[in-house]
Amino acid sequence: MIVGKHLQLRTIDNKTKTYLTNYQPVTPVMYILPKIHKNLQNPPGCPMVALTDSILNPLSIFLDKLLTPYTRVTKSFILDTGDFLGKIRNMSNIPCDSLLCTLDVNSLYTSITHDMGIEVVSLTLSEANVDKDSQELCIDFLNLVLRENFFMFEDDFLMQTCGTAMGSNMAPAYANLYMDRFEQDFIYSNPIFQQYALTCYRCIDYIFCIWQGDQTSLLEFYNTINNVISELSFTLVHHKDEVSFLDTKIVNDINDCGKGPSPEKGRQSYPIIEKEGNLLDLYPRHSPPKEIEP
């Protein structure tokens, strides 16, 4: 019905209508993917939905194509490990007493309420001056993919009432736009962040930050952003020497400390170097990083 509506409105053509319509869909199935990068011995489970060839999958792919370009121009966006390393590799003048931090959003995909997520996408399209017909098309399809997402788990048919399914093609772009709006509203405008954050990069729900303040200021900032939206919570990891981020280990090279003062802070500084991640060696050689969950 929604696809037919937009064919009549001429926001899509017959070829697109044919692609978006699946007359022989496969029932989506939920399964659990072990997150071995978190814990090798007792990995937590990540709920995934196999949506390939399902009735909503063409719409999800279509939405991914529409929304992804807007994620690439967000302030903290990083595409992958290579993009991240390219951005930090030449950083210098890092104060010796800086903290390396990561913030991980807990269950982001399933925590975004439908109303809030759709509002964020609508605002993004409006700010990008997308024409009204295309905006309506995107929001109609988004409502369908989010609110009509059903799947089978064991012998039960279930409907997802909050968030987007991990396994949906449009989920990364959707979550990226949501987090960009969260950053604009609650992170970049935060006076503590403005004072102490030297740099900040994000890959969907995973944030890397260099913090020039002490642990007290970091925890104050963390507690603030962790309590602004009830559905959203973060896990904070911080350490002076090194942290793991994506599949890398980021290290403050203490051997080079003292080669020159920071021109802004007047403190000695040293470069950041990166090491390849290793599932068997996720932790620093000295003391383990501090992990804080709400």
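Cavities, a pocket and a helix crossing

The residues that line the second largest cavity divide into nine nonpolar, one polar and no charged, where Ala, Val, Leu, Ile, Met, Phe, Trp, Tyr, Cys and Pro count as nonpolar, Asp, Glu, Lys and Arg as charged, and the others, Gly among them, as polar. The structure is a predicted model, in which local features need pLDDT of at least 70 and side-chain atom pairs count only at pLDDT 80 or more, while totals for chains, interfaces and linings use all residues. Residues are numbered from 1 along each chain as its sequence is written, and side-chain values use heavy atoms, with hydrogens and water left out.

Rolling a probe the size of a water molecule over the atoms shows where empty space is left. On a 1 Å grid over the protein atoms alone, a cavity is a set of points where a 1.4 Å probe fits but cannot get out, whereas a pocket is an open set with protein on both sides within 12 Å along at least five of seven lines, and lining residues have an atom within 4 Å of a point. Grid points are joined across faces, edges and corners, and a volume is the space filled by probe spheres set on the points.

The second largest cavity has a volume of about 60 Å³, and among the residues that line this cavity are Cys-101, Thr-102, Leu-103, Phe-193 and Phe-221. Strand 4 (99-105), strand 8 (206-211) and helix 9 (215-225) each supply at least two residues of its lining, and strand 4 gives the most, with three residues. Helices (H or I, at least four residues) and strands (E, at least two) are DSSP runs, numbered from the N terminus.

Helix 3 (57-71) and helix 6 (132-147) are the elements that give two or more residues to the lining of the largest cavity. That lining holds five nonpolar, seven polar and no charged residues, with Leu-146 and Thr-164 among them.

Thr-164 deserves a separate look. Its place is in the loop between strand 6 (156-159) and helix 7 (171-187), and Thr-164 counts as buried because its relative accessibility is 3%, buried meaning under 20% relative accessible area, exposed over 50%, and partly exposed in between (1.4 Å probe, protein chains only). Leaving aside neighbours within four places in sequence, Thr-164 is in contact (heavy atoms within 4.5 Å) with Tyr-109, Thr-110, Leu-146, Met-170, Ala-171 and Tyr-174.

The axes of helix 5 (residues 114-127) and helix 7 come within 9 Å and cross at roughly 80°, the axes being lines fitted to C-alpha atoms, for helices over the stretch in contact, with angles that run from 0 to 180 degrees between N-to-C directions. Helix 5 is therefore roughly perpendicular to helix 7, since angles under 35 degrees count as roughly parallel, over 145 as roughly antiparallel, 65 to 115 as roughly perpendicular and the rest as oblique. Helix 7 contributes Tyr-174, Leu-177, Tyr-178 and Arg-181 to the contact, whose residues divide into eight nonpolar, three polar and two charged.

Finally, the second largest pocket has a volume of about 270 Å³. Of the 13 residues in its lining, Met-1, Val-3, Leu-20, Ile-55 and Leu-144 lie nearest its centre, and helix 1 (residues 2-8) gives the most, with three residues.
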